[in-house]
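User: I'm new to this and would like to learn how to read a few features. Could you walk me through them?

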Amino acid sequence: MMIRNIILDVGMVLVDFCWQDVIKNLEITGRDFEIVADATVRSSEWNEYDRSVISDEELLAQFKSKAPQLEDKVQAFWDHMSDTIVQYPYAKTWIRSLKNDGYRIYILSNYSKRTYELTREEGLDFLPLVDGAVFSCETGFVKPEKEIYHFIMDKYGLAPSECVFIDDNALNLVYPNQIGWSTIQFHTFEQVQKELRTILKQQ
């Protein structure tokens, strides 16, 4: 085994997905906070947002239908969605360091087309540094669906035994492990650096 490719998730790995702060900053609190969260980021429809196969207008209507008494608050959160993505201070430095060590860096993330367009220039400004990226919105699949992992391998010609994948969600690591990727669940930046060094030293 020779690791050549380091594949990184985006949310909670390279950026903070701070939706709770955004809702609170809109002064949506208490029971209303729970209702808006359940209607949006905690709903089953949220995966469809990341999949981006239905229109934004249709999806927003679905979110509002889950909280008809709080339509205005759902709309306010929708209008401030770009504020949910805040890049971690280490993101670009880490990518550059891994690149300098000779590894190819790829992105594999559940990410909606709308949020991508809203955050590309700030939250995602590390993208020019990486060798390739696959977002769920371009594939019609979301992690942990098997197809999205094959999509990135096919797109960039990646061999499973040469890949290590870092994601904060344990469910997203199950299938990659089964097909021969090395995997690390992200808890803290320090923990991931330590585990990654261990994997790379075993080569």
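User: Is Met 12 buried, partly exposed or exposed, and why does it count that way?

Analyst: First, a word on the source: this is a predicted model, where local features need pLDDT of at least 70, side-chain atom pairs count only at pLDDT 80 or more, and totals for chains, interfaces and linings use all residues. Residues are numbered from 1 along each chain as its sequence is written, and side-chain values use heavy atoms, leaving out hydrogens and water. Now, buried means under 20% relative accessible area, exposed means over 50%, and partly exposed is in between (1.4 Å probe, protein chains only). Met 12 has 30% relative accessibility, so it counts as partly exposed. Met 12 also has a positive phi of about 70° although it is not a glycine.

User: Where does Met 12 lie?

Analyst: Helices (H or I, at least four residues) and strands (E, at least two) are DSSP runs, numbered from the N terminus. Met 12 is in the loop between E1 and strand E2 (15-17). Ser 52 is another non-glycine with a positive phi, about 55°, and its loop runs between H3 and helix H4 (56-65). At 23% relative accessibility, Ser 52 counts as partly exposed.

User: Which residues does a cis peptide bond join?

Analyst: That bond joins Lys 143 and Pro 144, with omega about 10°. Pro 144 sits in the loop between helix H8 (136-139) and helix H9 (146-156).

User: How many aromatic pairs are there?

Analyst: Rings of Phe, Tyr and Trp (its six-membered ring) pair if their centres lie within 6.5 Å; planes under 30 degrees apart are stacked, over 60 edge-to-face, and the rest tilted. By this rule there are 18 aromatic pairs. Take Phe 165 and Trp 181: their ring centres are 5.6 Å apart and their planes at 85°, so the pair is edge-to-face. Phe 165 lies in strand E6 (residues 163-167) and Trp 181 in the loop between helix H10 (171-178) and strand E7 (182-185), so the pair ties together parts 16 residues apart in sequence. Both Phe 165 and Trp 181 are buried.

User: Which residues form one aromatic cluster?

Analyst: Phe 17, Trp 46, Tyr 49, Phe 63 and Trp 78 do. There's a charge to look at here too: one sits over a ring if NZ of Lys or CZ of Arg is within 6 Å of the ring centre and within 35 degrees of the ring normal. Arg 114 lies over the face of Trp 78, at 3.9 Å from the ring centre.

User: Which residues in the largest nonpolar core touch the most other members?

Analyst: In soluble globular proteins, nonpolar side chains tend to be buried together. A nonpolar core is a set of buried Ala, Val, Leu, Ile, Met, Phe, Trp, Tyr and Cys residues joined through side-chain atoms within 4.5 Å. Here the largest one has 34 residues, and Leu 14, Trp 94, Ile 107 and Ile 166 touch the most other members. H11 gives the most to this core, with 5 residues.
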